[in-house]
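Thanks, everyone, for making the time.

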Amino acid sequence: MFELRPYQHEGIDKFATHNRFFNFDEPGMGKTVQAIHAADRVKAKRVLIPVPANIVIQWQKKVKELQKTDFVADVVSYNKLTDRAEFYKKQKYDVCVIDEGHYLKNRKAKRTKAVFGNKTDAVGSIIQDIEYVWNMTGSPAPNNYSELWSSLRALTPQVITMKSGAILDYWQFVDKFCIVTQNNFGTQITGNKNTEILKERIAPFMVRRLKKDYRNPPVIDTLVLEPSDSIAALKEAESSAEGKELAAMLEKHGVAGLELIGGHVATLRRLTGLAKVAPVVSQVVDEIEGGLKKLVIIAYHRDVIEGIQSGLTKSGVSSAVYMGGMTDKQKENAKEVFIKNPDCSVFIGQITAAGTGTDGLQTVCSDMLLAEYSWVPEENKQIIGRLDRLGGFDNVIVRFVSLAGSLDEKISASVQRKTADIIALLG
């Protein structure tokens with residue numbers, strides 16, 4: 001029998017006593033559990049639950065496992081919800097639980113307009129007539145505060161209403177709470193400001209609990225490896241015009257510079273990942289042979305993931321792969337094989353696919369290797385939360401892999417340091 005923790009009881013109470021509310025608990029704190037029990041508490045008959053496609057099955061299982069009343073839960077992927085928006089507008093729901101609410105950060109996206117309305121004011125939207133709407137995400141603003149605007153405008157406009165009674169539109173909000181610069185890429189949001197003002201305004205409508213307050217924080221470390229023979233191609237890319245521009249942006253703007261230039265250095269990023277394949281495989285094989293039972297490896301590029309799996313297979317190490325392009329059933333099967341099969345030692349997850357919904361890994365594993373990491377620190381926190389969560393070990397170890405003597409070594413160090421803005425806002 002699952003026993004609720006005191007902070008989860010508090011979360012349930014907050015949901016049940018607020019028609020519009022945000023739960024920004026860090027990944028792994030049990031937001032799903034709180035929402036299901038809150039739906040029971042308000043005596044819901046029918047509940048709409050928009051979620052990323054890869055966790056539809058997981059949510060359906062959780063509802064059946066935890067609900068105490070017989071409410072009907074329509075667990076729907078964001079894509080399906082968007083494609084059939086008119087259908088869902090006509091349904092009668094008592095509660096809407098928006099899971100991974102950062103999926104609605106882009107005010108212009110079709111799924112955001114489907115859920116929040118064409119003007120992001122809830123008018124004419126799926127949620128317009130739903131009594132309770134609860135927004136849950138451990139990463140409410142992965143890049144900057146502007147990504148909060150759509151949810152605040154639709155659910156709690158009072159948070160962004162000025163003394164004059166005017167509600168801040170998107171660019172007014174950006175002007176007040178974000179640092180904007182003009183450069184070769186146009187108008188770019190490069191930072192945040194007025195954190196305490198925004199924090200005070202949101203506080204009555206949210207909870208944010210951190211794992212460090214309830215368990216030991218994960219140990220974050222760097223694993224510096226000697227690059228493989230493919231380092232020649234990487235070195236050539238680093239000395240190219242794009243490589244030099246990346247180094248300059250890192251030097252001048254830090255992580256913000258990386259985010260600005262990220263899409264323009266795809267070749268360099270891919271070559272960096274490929275140069276890590278052989279040394280990562282060698283390292284992992286040594287650790288498994290040395291007694292490590294289970295390990296989660298995170299990467300980004302498909303050929304990097306496939307290269308790591310191929311190398312491990314040739315060395316006699318069994319692994320399960322979880323990445324984009326797989327069906328939801330294939331992803332679920334990969335996760336279950338890693339969890340339940342003692343002979344499957346390694347879970348290789350694509351950071352964009354495995355960052356949400358892969359609950360259960362923490363029950364068998366406490367070690368993670370970020371072979372390829374995100375240049376957005378919050379996304380790394382999100383993937384680390386796959387192991388650093390309730391029901392898991394209290395000594396999670398996460399290692400960022402970097403290549404000795406490469407630009408990647410400098411980038412890795414910078415990315416690990418720069419999570420201060422989001423932490424400053426949310427605690």
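Predicted model: local features only at pLDDT ≥ 70, side-chain atom pairs only at ≥ 80, totals over all residues.

Residues are numbered from 1 along each chain as its sequence is written, and side-chain values use heavy atoms, with hydrogens and water left out.

Helices here are DSSP runs of H or I with at least four residues, strands are runs of E with at least two, and both are numbered from the N terminus. Helix H14 covers residues 302–314, and its 13 residues should span 18 Å at 1.5 Å a residue, which agrees with end C-alpha atoms 18 Å apart; the expected span is 1.5 Å times one less than the number of residues.

Which residues of H14 are buried? They are Val304, Ile305, Ile308, Gly311 and Leu312, where buried means under 20% relative accessible area and exposed over 50%, with a 1.4 Å probe and protein chains only. Seen down the axis of H14, the buried residues fall within an arc of 135°, so they line one face of the helix, the arc being that of the directions from the helix axis to the C-beta atoms. On the other side of H14, Thr313 and Lys314 are exposed. After H14 comes Gly316, with a positive phi near 85°.

Turning to the pair, the axes of helix H2 (residues 31–41) and helix H3 (residues 56–66) come within 10 Å and cross at roughly 50°; axes are lines fitted to C-alpha atoms, for helices over the stretch in contact, with angles from 0 to 180 degrees between N-to-C directions. The contact, meaning heavy atoms within 4.5 Å, involves residues including Val33 and Ile36 of H2 and Trp59 and Leu66 of H3.
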